[in-house]
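Here is a short report on a protein model, written to be read beside the sequence and the structure. Please keep both in view.

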Amino acid sequence: MSELLTTPAPGGPVVEEERHPHEPFLRMDRIPHIWCSTCGLGTVLNCYITAIQRSSVPRADHTIVSGIGCTGRAAGYVKIDSFHTTHGRALPFATGLKLANPRLKVTVFSGDGDLVAIGGNHLIHAARRNMDMTVICVNNFNYAMTGGQFGPTTPEGAKLTTAPYGSYEHPFNIPFLVDSCGATYVARWTSLHVREMIETLVEALNHRGFSFVEVISPCPTVYARRNRLGTGLDLLKYYHDSAEVRHGADTRDVDISFKGRIIVGRFVQRCKPTYLDTMDAALGRSVGKEFVCYEGPMQASDGRS
Amino acid sequence: MSRPKPSQPDATVLTGAHYLDGDEACAEGAIAAGCRFFAGYPITPSTEIAERIASRFPLVGGTFIQMEDELASMAAILGGAWGGAKAMTVTSGPGFSLMMENIGLGIMTETPCVVVNVQRGGPSTGLPTLTGQQDMMQARWGSHGDYEVIALSPSSPQECFDLTITAFGLSERYRLPVLFMMDECVGHMTEKVVIPPAEDIPVIERRWYRGPKESYLPYQAGPDKVPDMVRAGDDYRIHITGLTHDERGYPVINAACQSVCVSRLVDKIRDNAGDIVITDEEAVDGADVVVVSYGISYRVATRAIALARAEGIKVGSVRLVTVWPFPEARIAELSRKVKALVMPEINLGQMYRELQRAAAGNCRTLLIPHCGGWVHDPNDVLAAIREGAK
């Protein structure tokens with residue numbers, strides 16, 4: 001974040017106050033955000049905003065939907081149409097938004113607990129339908145907003161407030177889950193992989209179909225502290241030392257163990273008709289000339305339709 | 001269902017006389033009201049509405065999606081409404097329970113949509129194929145927090161058509177999920193339904209914001225306490241949240257903002273109750289007893305009222321077309337004029353509590369309860385009328 005504030009010397013050139021290039025995309029009247037120091041969420045949000053700017057989609061068409069939790073607050077900071085919904089229900093809300101206005105580029109930006117636990121059913125069905133949207137799943141291995149409880153992605157052995165002796169549940173391998181359900185773009189990075197994440201998010205935003213990007217992100221305040229993993233910086237060092245880029249990896253092999261290696265990269269990229277493609281094609285065939293394609297949203301005040 | 005003839009110029013409004021059940025009529029009412037997004041999950045006895053929509057939407061330019069559950073269905077129609085469509089879901093008791101969380105989100109974010117509950121007997125899985133009126137208090141209080149709702153209760157297939165249009169109009173006018181409380185009998189009852197010409201159907205459009213883009217505040221309301229709306233994709237850069245929020249839509253977590261936010265959600269309905277409440281009254285002037293009923297129980301009550309009149313009892317009828325808000329001022333007024341208010345309902349006393357509260361001891365209030373599974377015997381209602389007339 002550059003904050004170069006210069007005072008012009010008398011008679012010298014007038015230098016305008018320098019602004020962060022993301023300011024136009026942030027609700028600056030809501031900054032500072034609520035996230036902890038060295039939490040990875042700010043990095044992921046920055047990457048998303050850069051990807052919006054680089055994507056081929058017009059700004060007005062970008063829409064963000066979040067659920068509940070630390071990551072769920074992301075929608076509140078981005079200066080595009082943004083919806084902060086109920087716990088786990090960001091995906092079905094986003095589905096309705098997309099179907100009612102298919103022009104929108106809907107991104108669901110939420111956490112592992114929101115998307116994979118309480119929202120797990122919606123995740124597998126959105127992937128199965130190849131619903132045309134992007135999902136950014138920030139995985140910090142725990143429920144952080146509520147103070148650090150274990151969740152469906154917590155590695156076995158990690159300690160959290162509701163797993164004081166270490167979690168003994170088998171965690172989800174999320175890329176394998178969504179891949180097996182029909183997602184047509186699946187990638188994973190850590191919050192250390194800024195350049196790669198941006199490139200991946202641009203690809204995901206430009207992808208037709210259900211694109212899913214998991215980002216492993218440090219939770220210094222609860223997950224790391226309770227497990228004596230050090231600071232956010234120590235976790236980035238761990239990502240640096242343990243991440244292994246393997247594009248096209250078989251998603252069955254990318255599960256994450258406690259303090260283990262993290263396979264990252266673009267795992268899946270395939271073409272398949274989206275929900276709207278199959279719906280229109282099938283109804284066009286079956287209903288014939290009586291078929292009336294969805295007429296689009298109602299005419300709004302400024303005449304856009 | 002009867003598909004419209006290919007030669008028909010406009011398949012949207014099936015003008016004419018039909019023989020439809022309540023579920024089918026409700027679907028046609030939604031289409032006539034301009035509903036073009038539907039998300040639902042199959043559940044008896046509401047499924048025929050979803051089936052009719054799935055069959056009809058491809059002919060009228062609507063999008064139908066069958067979601068993975070009722071949580072998803074309710075969330076999807078909220079998204080659909082913000083995407084710019086008139087949206088609806090349908091369900092029955094067990095699904096209604098699952099929808100409660102996102103009905104709350106719809107209340108908090110002031111999202112227009114219609115939620116149909118074709119009621120069956122409960123609790124739990126209860127009586128999937130048999131009638132009940134047991135979700136009336138759930139409609140009022142089922143989601144957590146303080147709020148007001150609008151709920152309607154049709155008594156015939158014709159009303160399933162007419163009042164679905166009214167429900168959409170109220171949802172757009174007051175910006176909230178409107179609950180359409182049918183029951184299995186009305187849903188599966190087949191009667192003549194007359195669909196008027198499209199130009200005679202009172203369709204209320206969304207309250208689109210028409211001011212300058214720079215000064216738009218998503219939750220700045222006018223004198224009627226209802227804010228104007230925009231849709232996603234028009235570059236207003238709105239933020240919409242289920243958290244307590246200010247006029248900008250930004251979360252503000254304190255008691256002062258909560259007071260402003262929640263008071264307006266409640267007051268926009270309470271202050272406008274005179275415009276919202278619909279009752280259908282008959283022969284109440286000079287009556288000794290007034291039967292207060294709604295839904296299928298009204299149909300039974302009309303038989304009991306006829307039998308009572310044959311015995312010389314002066315009995316009138318108040319039908320609750322809107323069950324919420326409850327017409328408490330009118331009931332209070334009547335309670336000072338009659339000997340008794342009698343209420344048959346297919347539960348063990350839900351709207352009856354409101355009746356008692358509004359009557360405030362001014363007259364006798366008699367409940368004719370029923371556990372569900374079938375409608376009342378008119379003789380049971382007649383016995384209560386006789387008792388009230390004493």
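The report covers the interface, then salt bridges, then some local backbone details.

This is a predicted model.

**The annotated domain**

In an unreviewed entry, UniProt places the feature "domain: Thiamine pyrophosphate enzyme TPP-binding" at residues 72-215 of chain A. Over that stretch the chain is 33% helix and 21% strand.

**Where chain B meets chain A**

The interface involves 56 residues of chain B, in contact with 53 residues of chain A. The size of an interface is often given as the accessible area lost when the parts come together. Here chain B and chain A bury about 4,400 Å² between them. Of this area, 56% is on carbon and sulfur atoms. Three residues stand out on the chain B side: B:Glu68, B:Arg231 and B:Arg237. They supply 15% of the area that chain B buries against chain A, more than any other three residues.

Polar links also cross the interface. Between chain B and chain A there are 22 residue pairs in polar contact, counting pairs with both residues at pLDDT 80 or more. Which elements of chain B each supply at least two residues of the side that touches chain A? They are strand E2 (35-40), helix H2 (47-60), strand E3 (63-66), helix H3 (70-83), helix H4 (93-109) and strand E10 (239-241). H3(B) gives the largest share, nine residues. By type, the residues of this side divide into 27 nonpolar, 13 polar and 16 charged.

Strand pairing joins the chains as well. Strand E2 (residues 81-84) of chain A and E10(B) pair in the parallel sense, over three bridges. Within E10(B), B:Ile240 is the bridge partner of A:Phe83.

**Salt bridges**

Over all chains, the structure holds 41 salt bridges. Three salt bridges are counted between chain B and chain A. The table gives one example between the chains and one within chain A.

| B:Glu101 | A:Arg89 | 3.6 Å |

**A histidine in chain B**

B:His18 is found in strand E1 (residues 16-21) of chain B. A polar atom of the B:His18 side chain lies 2.6 Å from the backbone oxygen of B:Leu14. Leaving aside neighbours within four places in sequence, B:His18 is in contact with B:Glu191, B:Lys192, B:Val193 and B:Ile195.

**Backbone details**

In chain A, the bond from A:Ile31 to A:Pro32 is cis, with omega near 10 degrees. A:Pro32 sits in the segment before helix H1 (41-54) of chain A. In chain B, the bond from B:Thr44 to B:Pro45 is cis, with omega near 5 degrees. B:Pro45 lies in the loop between E2 and H2 of chain B.

One residue has a positive phi although it is not a glycine: A:Arg228, at about 50 degrees. A:Arg228 lies in the loop between helix H7 (220-226) and helix H8 (232-242) of chain A.

Conventions: Residues numbered from 1 in each chain as written. Chains lettered and ligands numbered in written order. Predicted model: local features only at pLDDT ≥ 70, side-chain atom pairs only at ≥ 80, totals over all residues. Heavy atoms only, no water. UniProt positions renumbered as here; feature names shortened; annotations may be inferred. Helix = DSSP H or I, 4+ residues; strand = E, 2+ residues; numbered from the N terminus. Contact = heavy atoms within 4.5 Å. Buried area = accessible area lost by both parts, 1.4 Å probe. Salt bridge = Lys/Arg side-chain N within 4 Å of Asp/Glu carboxyl O. Polar contact = N/O pair within 3.5 Å; in protein donor to acceptor, adjacent residues only side chain to side chain. Nonpolar A, V, L, I, M, F, W, Y, C, P; charged D, E, K, R; others polar. Pairing = 2+ DSSP bridges.
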